[in-house]
Amino acid sequence: MTSPLRPLATVLLLALTAAMRGDADPVDAVMVARIREEGLQRSQVMEYEGYITDVLGARLTLSRDMARAQTWVQGQMKTMGLVNVAAEPFMDFGVTWDNEYVSIHLLEPDYQPMVGYPVAHTGSTQGRQVAPAVIVDLLVKADLEKYRGTLKGKAVLVTPPAVVDLAPLTNGVPRLTQQDLDARERTVIAPPRVVPPRVARHPDLLTAEEKIAFYAAEGVAAVLQCESGWLGAVRGFSRPGSRTDGWSRAGMLASPAIVAITPEHYNRMYRILTRGIPVKVEVEVRNRVGDTAEQAMNLVGEIAGSDLKDEVVMIGAHLDTWHASPNASDNTSGVAVALEAMRILKAVGAKPRRTIRVALWAGEEQGLFGSRAYVKQHFGNPRDPAVGAKPAYEKLSAYFNQDYGAGQYRGIMLQGNELARAQFTAWMAPFRDLGMTVVSNQSLGSTDHVAFDEVGLPGFQFLQDNIPGTGGHTNLDFLEAIQPSDLMKNAVIMASFAYHAANADARIPRKTVR
């Protein structure tokens with residue numbers, strides 16, 4: 001009986017043998033030298049990173065701030081000479097939401113300015129509110145009667161005291177060691193996916209949406225919460241139910257102002273209240289809500305190919321962010337690297353055989369909406385009979401993504417695609433001196449390459465180093481934590497991988513689908 005693994009093993013052995021002989025898609029040493037010189041000696045990556053972070057700022061999907069950033073980015077694509085630059089709408093994303101102003105202070109029993117930001121897609125306060133603060137503990141429907149008629153005009157603390165993780169302050173954030181990298185490369189068995197036990201929801205438990213509706217009906221001045229475990233960090237995402245109601249204007253206006261606060265400030269109020277001592281706060285939130293539903297958009301631009309121009313190699317990152325900071329690491333860094341990779345290729349006069357396309361996504365933070373919609377629209381999905389594979393499905397060679405912070409590339413994750421190992425190992429070799437050494441068979445999730453991988457297309461995320469100071473999804477993600485040399489290296493490597501994929505004799509092979 002013939003083993004079903006023999007064809008795969010044979011192909012892989014031949015590819016590895018050819019790569020070792022150096023006669024299969026050899027590395028273009030001259031082009032690598034040009035890319036390195038341009039990207040390491042005349043880098044513009046921090047110009048992109050700095051302008052987007054400092055001037056354009058936070059970019060919540062379908063906010064006016066996002067629209068401003070997308071206009072600027074398209075201008076940069078055109079300036080560097082990309083073609084087919086476009087903003088492609090992919091779905092109705094409700095109405096726009098922008099925070100214009102927030103101010104929160106502890107007034108009694110002591111004065112202290114506090115750090116907090118409104119949760120996205122929530123309403124505003126009715127001007128400046130001076131309000132007594134109270135702890136509210138809602139769990140089941142019977143709890144509603146305990147508080148009904150008692151919360152009007154009050155600032156309600158609705159989460160337990162935050163538990164602060166002091167480990168990063170105590171131990172720091174070390175770079176990946178050689179031992180760490182060796183473990184990534186040598187591990188061949190993926191850790192088992194943790195499947196939570198099936199739990200039936202008790203009908204008396206209140207949902208987050210029911211709690212918010214109760215606070216609104218009771219006329220609270222503001223809802224205060226803390227879901228952060230880092231000192232100084234605010235973590236606040238989107239209003240409960242916002243995705244369900246399609247980020248609607250009605251849902252936003254019906255919501256009270258919900259403000260996420262740093263753990264040390266929130267916990268101080270909570271501790272004072274548990275002593276039986278009154279707390280008074282001043283809070284004002286102004287959020288601007290759009291009038292009509294609009295479509296969210298992805299951005300694309302290209303370097304046209306030559307004899308294989310109908311085939312495509314893609315690079316990209318998500319342009320959207322949460323709203324409490326400019327998000328220098330998550331994911332301005334990925335956007336800057338992708339733009340710089342394209343600029344480098346244009347500057348060195350690269351003439352790719354396949355078209356190289358950069359894509360900057362929206363809706364990633366809400367659930368990969370932009371990249372998934374793009375893949376479905378352009379490539380289809382052969383695993384879904386209702387969609388099927390589109391003609392371009394067979395024309396994509398690969399998509400290379402940067403997310404997971406601003407650390408330098410230390411390798412690339414195969415997503416289980418062993419047939420790509422030989423090519424990636426060869427393309428990585430010129431950058432060993434930059435710390436790029438690992439080809440791991442492991443997979444990464446939760447970012448935009450998954451949209452490609454889950455329909456059988458080659459989608460890859462680089463393995464990135466740890467760096468201290470970045471605070472993705474918080475108010476702490478600013479330019480000061482970015483290490484320029486890391487982004488410079490990343491842009492050079494991404495440019496080289498895109499170039500070699502675009503000029504290889506064959507498209508990057510696809511992993512076996514079972």
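Analyst: In this predicted model, two residues are in contact when they have heavy atoms within 4.5 Å of each other.

User: With which residues is Phe424 in contact, leaving aside its neighbours within four places in sequence?

Analyst: Phe424 touches Phe400, Ile412, Leu414, Val439, Phe460, Phe497 and Ile508 once those sequence neighbours are set aside.

User: Which residues of α2 are buried, and against which helices do the buried residues of α2 pack?

Analyst: A residue counts as buried when its relative accessible area is under 20%. In α2, this applies to Met31, Val32, Ile35, Arg36, Glu38 and Gly39. The buried residues of α2 pack against α11 (328–347) and α15 (484–503). As for its length, α2 covers residues 29–41, 13 residues in total, and reaches 18 Å from its first C-alpha to its last, close to the 18 Å expected.

User: Turning to the backbone, where does Pro109 lie, and is the peptide bond from Glu108 to Pro109 cis or trans?

Analyst: The general idea is that most peptide bonds are trans, and that most residues other than glycine have a negative phi. The bond from Glu108 to Pro109 is cis, with omega near 10 degrees. Pro109 is in the loop between β2 (97–108) and β3 (112–114). A further cis peptide bond runs from Asp330 to Asn331, with omega near 5 degrees, and Asn331 belongs to helix α11.

User: Is the phi of Leu368 positive or negative, and is Leu368 buried or exposed?

Analyst: Leu368 is a residue other than glycine with a positive phi, near 60 degrees. Its place is the loop between β12 (354–361) and α12 (369–378). Leu368 has a relative accessible area of 6%, so it is buried.

User: What is the phi of Gln415, and where is Gln415 found?

Analyst: Gln415, also a residue other than glycine, has a positive phi near 55 degrees. Gln415 sits in the loop between β16 (409–413) and α13 (421–428). With a relative accessibility of 4%, Gln415 therefore counts as buried.

Technical notes: Residues numbered from 1 in each chain as written. Predicted model: local features only at pLDDT ≥ 70, side-chain atom pairs only at ≥ 80, totals over all residues. Heavy atoms only, no water. Helix = DSSP H or I, 4+ residues; strand = E, 2+ residues; numbered from the N terminus. Expected span 1.5 Å × (residues − 1). Buried < 20%, exposed > 50% of the residue type's maximum accessible area, 1.4 Å probe, protein only.
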